[in-house]
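My notes follow in the order I looked things up.

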Amino acid sequence: MSTDKVQELIENIKLLTVKELSELVKALEEEFGVSACAPVAAVAPASGSSGATDSATQTEFDVILSEVGAEKIKVIKVVREITGLGLKEAKELVDGAPKPIKEKVSKEEADGIKAKIEAVGAKIQIK
């Protein structure tokens, strides 16, 4: 269905190196005022929805240390174990509460972290 001219152009493009292809794309973008980036579709919330992510469909969660409690040293130890941070970094995280301990984790991992942190007297929020 393509014309001979288009087919010939395609065959010539196949012979280009990656660098040459990159240069071609930039030149076409400048010449025609377009972008080669794929458009990003905005997804509107379903009608009747407040726009908040439903926890039943949410797959990634943020675990946030909301309150340290009375056992700060124990909380620091558990934060180090969970995050792999050094002592100084873990202390700064705990001192800066409320702060995220881990982000974009599975529900199971978030629940496990919550159990460990709450076992030493701190409070956690999962969002």
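I count a residue as buried when its relative accessible area is under 20%, and as exposed when that value is over 50%. The model is a predicted one.

**Helix H4.** I started with helix H4, residues 87-95, and listed its buried residues: Ala 90, Leu 93 and Val 94. I then asked how they sit around the axis. They cover an arc of only 95°, so they lie on the same side of H4. Next I looked up what these buried residues pack against. I found strand E1 (61-67), helix H3 (72-83) and strand E2 (99-105).

**Whole chain.** I stepped back to the overall layout. I read 5 helices and 3 strands. From the N terminus the order is α-α-β-α-α-β-α-β. The chain has 127 residues, and 17% of them count as buried. Residues 24 or more positions apart account for 63% of them.

**Salt bridges.** Side chains of opposite charge can pair when their charged atoms come close. I took a side-chain nitrogen of Lys or Arg within 4 Å of a carboxyl oxygen of Asp or Glu as the rule. The count came to 7.

I went back to H4 for one of them. Asp 95 pairs with Lys 91, with the closest N and O atoms 2.7 Å apart. Both lie in helix H4, 4 residues apart, about one turn of the helix. Asp 95 is partly exposed at 40% relative accessible area. Lys 91 is partly exposed too, at 39%. I then traced a network of salt bridges that links Lys 72, Lys 91 and Asp 95.

In helix H1 I found Lys 14 and Glu 11, 3 residues apart, about one turn of the helix. Their closest N and O atoms are 3.3 Å apart, and they form a salt bridge. Lys 14 counts as exposed because its relative accessible area is 58%. Glu 11 is partly exposed, at 40%.

I also logged Lys 74 with Glu 71, at 3.9 Å between the closest N and O atoms. Lys 74 is partly exposed at 44%, and Glu 71 is partly exposed at 37%.

**Surface patch.** Which residues form a nonpolar patch on the surface? I found Leu 9, Ile 13 and Leu 21, with about 240 Å² of accessible area together. Leu 9 sits in helix H1, residues 4-14. Leu 9 counts as exposed because its relative accessibility is 53%.

Terms used:
Residues are numbered from 1 along each chain as its sequence is written. This is a predicted model: local features need pLDDT of at least 70, side-chain atom pairs count only at pLDDT 80 or more; totals for chains, interfaces and linings use all residues. Side-chain values use heavy atoms; hydrogens and water are left out. Patches are made of residues with over 30% relative accessible area and no salt bridge: like charges are joined within 9 Å, nonpolar side chains (Val, Leu, Ile, Met, Phe, Trp, Tyr) within 5 Å. Accessible areas come from the Shrake-Rupley method with a 1.4 Å probe; for residues, only the protein chains shown count as cover. Helices (H or I, at least four residues) and strands (E, at least two) are DSSP runs, numbered from the N terminus. Buried means under 20% relative accessible area, exposed over 50%, partly exposed in between (1.4 Å probe, protein chains only). Contact means heavy atoms within 4.5 Å. The arc is that of the directions from the helix axis to the C-beta atoms.
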